[in-house]
Structure formats: structure tokens, C-alpha cells
Amino acid sequence: QLQASGGGLVQAGGSLRLSCAGSGRTSSTFYMGWFRQAPGKGREFVARIRWDGGITYYEDSVKGRFTISRDNAKNTVYLQMNTLKVEDTAVYYCAADPVSIPMSGAGVRSWGKGTLVTVSS
């Protein structure tokens, strides 16, 4: 099970940090990632991190602004979002899988309930 938190309303240029805590069958050895879905649009990959935190990967539009990290002792993954833009407004979902987090999200084992991020102009 995954529980995401940290969403809210922020002005453009501001920052937010999302958290996603894993429990139950979600292990600290799982790959984890973040996706988002804006109103009227499909699910979009945001970032992913290898189980040991050694490798991260970002969608082009968030590179340099967002940072994904994890604390395996707490079984938690974070998404630090800086310099937020109006177009970052979306429901953000965390995901976990023992093998990988494909950019399509297909086949990912576990999904958390989303947390809404609203960026105002």
C-alpha cells in the first residue's frame, strides 16, 4: 500500500514536497516513481528512482526543477518540486514495483491514491 501526501495550493514559482509512504508488501527494495494527471489529460510520467536511490530519471519538463529521493529506513519516497508552473497542476500519484517503473506506467504493481497539486498564476 502507498499513501501519498503533501499536495496543496501554491503560487507559480513556489515549492512543494510530496511524500509517499509504503507499507505492507511495498518493500524498500522496490523501484518507486511519480506520475501525474492533469485535468482532461492522460497519465504522465514524472520521475522514478531505483531501489537503492542510485539512479533517477525525470520527464524533460521537470528536469532541473523536481528532485526525487527516498529514505528506505522509512520506506518513503519524496518529490521535491521547485519553481512550480501553472502547467504542473495535476493529481500526483506514486507508484512502486519490484522490477521497474516504465514511463508508460504499464504493469506497475502498486499505485497510491493521488494528491492534488494546484499551481496558481
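Which residue in S3 is the bridge partner of leucine 2?

Reply: The model is predicted, so local features are given only at pLDDT of at least 70 and side-chain atom pairs only at pLDDT 80 or more, while totals for chains, interfaces and linings use all residues. Residues are numbered from 1 along each chain as its sequence is written, and side-chain values use heavy atoms, with hydrogens and water left out.

The bridge partner of leucine 2 in S3 is glycine 22. Strand S3 covers residues 16-22; strands here are DSSP runs (E, at least two residues), numbered from the N terminus. Leucine 2 belongs to the pairing between strand S1 (residues 2-5) and S3, which is antiparallel and runs over four bridges. Two strands count as paired if DSSP finds at least two bridges between them.

S3 also pairs with S8, again in the antiparallel sense, over six bridges. In that pairing, leucine 16 has methionine 81 of S8 as its bridge partner. Five of the seven residues of S3 are buried, so the strand is largely enclosed by the rest of the structure. Buried means under 20% relative accessible area, exposed over 50%, and partly exposed in between (1.4 Å probe, protein chains only).

As for the charged side chains, the structure holds five salt bridges. A salt bridge is a side-chain nitrogen of Lys or Arg within 4 Å of a carboxyl oxygen of Asp or Glu. Arg36, Glu44, Arg65 and Asp88 are linked in a network of such bridges.

Arginine 36 is buried, with a relative accessible area of 5%, whereas glutamate 44 is partly exposed at 29%. Arginine 36 also forms a salt bridge with aspartate 88, where the closest N and O atoms are 2.9 Å apart. This pair links distant parts of the chain: arginine 36 lies in strand S4 (residues 31-37), and aspartate 88 lies 52 residues away in the loop between strand S8 (76-81) and strand S9 (90-97). Aspartate 88 is buried, with a relative accessible area of 1%.

Another salt bridge joins the side chains of arginine 50 and aspartate 52 at 2.7 Å, N to O. Arginine 50 is partly exposed at 27% relative accessibility, and aspartate 52 is also partly exposed, with a relative accessible area of 36%.
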